[in-house]
Amino acid sequence: MQNIKRLYPHDWHNSPILTCYVNDLAKKPYCTDEKGFCHIRSKAHAIKHVYIQPNQPARVSYIVIDIDHANAALQWYDSDLPPPQLIIQNPKNNHAHIVYKLSSP
């Protein structure tokens, strides 16, 4: 099993993977705290929101897979997939997004 480490949102600067992810975001990504409505904001503002656009408009750098069941964070392992760069888990229901960075965007 890979090294899985819990990070809190305010500690993202301490993670090289999350720092790379934030650096790869568009200068003004779509973001929101509510599904069904979004706005375009600066990267510094957008990273404070719950939902944020992971890819730039003309370049796909990340594949994000939404898994909606209780064992979502380990679904990649159970499905014999390669380890993702990020696992973003909802603490309320344990659903997750697994994120893969493409080697060639």
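Strands β5 and β6 (residues 96–101) run antiparallel and are joined by four bridges. In this predicted model, local features need pLDDT of at least 70 and side-chain atom pairs count only at pLDDT 80 or more, while totals for chains, interfaces and linings use all residues. Residues are numbered from 1 along each chain as its sequence is written, and side-chain values use heavy atoms, with hydrogens and water left out.

Two strands are taken as paired if DSSP finds at least two bridges between them; the strands themselves (E, at least two residues) and the helices (H or I, at least four) are DSSP runs, numbered from the N terminus. Strands of a sheet pair through backbone hydrogen bonds, either parallel or antiparallel. Here, three strands make up an open sheet with antiparallel pairing, in the order β4-β6-β5. That puts β4 and β5 (86–89) at the edges, each with a single partner strand, so one side of each has no neighbour in the sheet. On average, neighbouring strands of this sheet are turned by 20° against each other, direction ignored (axes are lines fitted to C-alpha atoms, for helices over the stretch in contact, and angles run from 0 to 180 degrees between N-to-C directions).

As for aromatic rings, the structure holds two pairs. Rings of Phe, Tyr and Trp (its six-membered ring) pair if their centres lie within 6.5 Å; planes under 30 degrees apart count as stacked, over 60 as edge-to-face and the rest as tilted. Y21 and Y62 form an edge-to-face pair, 5.0 Å centre to centre and with 70° between the planes. This pair links distant parts of the chain, with Y21 in helix α1 (residues 16–24) and Y62 in strand β4 (residues 62–67), 41 residues apart. Y21 is buried at a relative accessible area of 11%, and Y62 is buried too, at 4%. Buried means under 20% relative accessible area, exposed over 50%, and partly exposed in between (1.4 Å probe, protein chains only). W76 and Y77 have ring centres 5.7 Å apart and planes at 80°, so this pair is also edge-to-face. W76 is buried, with a relative accessible area of 3%, whereas Y77 is partly exposed at 43%.

Disulfides (cysteine sulfur atoms within 2.5 Å) number zero in this structure. C31 counts as buried at 1% relative accessibility, but C38 is partly exposed, with a relative accessible area of 41%.
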